[in-house]
Amino acid sequence: ENRDVPRPKMGSLHLGKTADLEAWWNYLPSQKALEQAEASTDLSSPALRILALLDSQRSLFDEFAEAADRPHAHLSPPLLHAEIDGSLLLLEMPHFSPILDLSHTIYLRAVAAARVAQGGSPESKITIDSLRTLCRLAELSASDGMMIGQLVSAGVWRMFTEAVWECQRNDSLSAEQWATLQNDLSRIEIEAMLFRAMQMEMIFTLETLDQSKREFESFLDASGMREPEHRFLRLLPRGVFRQNQATIVERYLEGVLGPLKRGGVRGYLEHFVTGEALNWEEGSWFPPDQLLAGKVFPTVDIVIRRIAFNVILIDQVKTACALERYRLAEGNGANYPERLDELVPFYLDVLPRDLVAEASVQYQVLESEGYRLWSCGFDGRDDAGEMNFKKVKKPDPLDLRRSDYLGDWTWEVRRDH
């Protein structure tokens, strides 16, 4: 990294902006690559220069690519099979930082290779290997069994989807490679991993309150209330921790785990709309039996909505894989189908469903040799694929994951760039 240069942003499929590889090249230790590159190496573009720089780590990338064919991706041992200690919530999670750093590197490698790849070329293999590795890293993070793992996974999924979009724009993969990617995605159970993470988060929260109760009582006994500012603590009911634990269990079972088990993320969103779900807002006043619980659940809602957005994105990527396979098949004239149902059953088993609205996702072929695929946002209203960012002059793609977002979730590919 070049610490004197700000870290560039990724591309954004929702803004129609591709990654600025020249900016990334300036951010990387570029002189080192130029010195190590062989005389015959083509360094005429930022994409080729970035690939030359990362080629020194080829053996590492190859090892990750081989791991993509393993049946599962998880940390060892999985937390669901380990002893649970409430103090875990007080610890840092050092493994997530290198996962994110590695994911950024692999994302950059995938995009750089996609810019110069053609189906079946060496760069095409680099692209598909990088995409499959990102897919497994996202699965790895989500399988950790904690809410922070879900957030890290959401970040990795975003890099993955942005790289897939770049591949579509640049026609970087073969039909066989699109099929491989589609198959990888078909076995990942995002909603099941979210349910397990919420289960574990409830248990960790209860264990942490137990530990906090013990530390609080130990503090009271040790201090003897000698300091005037400590005396008010005697007014705190001794049962407040148990009361909050009971509230947390009730809220998790009724507002989170119950809806997730019955209907997945869609079940949770429906429960939220009815007003029965957790509606605490940060900064609100809470009675003693809800004081700690009220600080937990706004974060839970944010995480679940991010995962809901990822569920839509992954369904759109699966559909994108099927559309590319159709386009590349003989006899289709390199065109996308007029209707999505033409993909069933050869390219898709079933048509994707809208997560929020009770309908199929919407699809439109564009004149610019592309298509538009969209689902309703959290408001449940079909806006014909239009995205409604809060700031029109400086839109932020993160708006799409907010509960008050009023627009569609749209995947658009234009091939006339």
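**Exercise 1.** State which residues of α8 and α11 meet, and sort the contact by class.

Solution. A175, W178, A179, L181, Q182, L185 and S186 of α8 meet I314, V317, K318, C321, A322, E324, R325 and L328 of α11, where contact means heavy atoms within 4.5 Å. By class, this contact has 10 nonpolar, 2 polar and 3 charged residues. Nonpolar covers Ala, Val, Leu, Ile, Met, Phe, Trp, Tyr, Cys and Pro, charged covers Asp, Glu, Lys and Arg, and the others, Gly among them, are polar.

The model is predicted: local features need pLDDT of at least 70, side-chain atom pairs count only at pLDDT 80 or more, and totals for chains, interfaces and linings use all residues. Residues are numbered from 1 along each chain as its sequence is written, and side-chain values use heavy atoms, with hydrogens and water left out.

**Exercise 2.** Describe how α8 and α11 are oriented.

Solution. Helix α8 spans residues 175-186 and helix α11 residues 293-328; helices are DSSP runs of H or I with at least four residues, numbered from the N terminus. Their axes (lines fitted to C-alpha atoms over the stretch in contact) lie 9 Å apart, at an angle of about 155°. Therefore α8 is roughly antiparallel to α11 (angle over 145 degrees, on a scale from 0 to 180 between N-to-C directions). The crossing is left-handed: the near helix is turned anticlockwise from the far one by less than a right angle.

**Exercise 3.** Summarise the chain in terms of helices, strands and buried residues.

Solution. The chain has 11 helices and 3 strands, strands being E runs of at least two residues. Along the sequence the pattern is α-α-α-α-α-α-α-α-α-α-α-β-β-β. Of the 417 residues, 50% are buried (under 20% relative accessible area, 1.4 Å probe, protein chains only).

Conventions:
Parallel < 35°, antiparallel > 145°, perpendicular 65-115°, else oblique.
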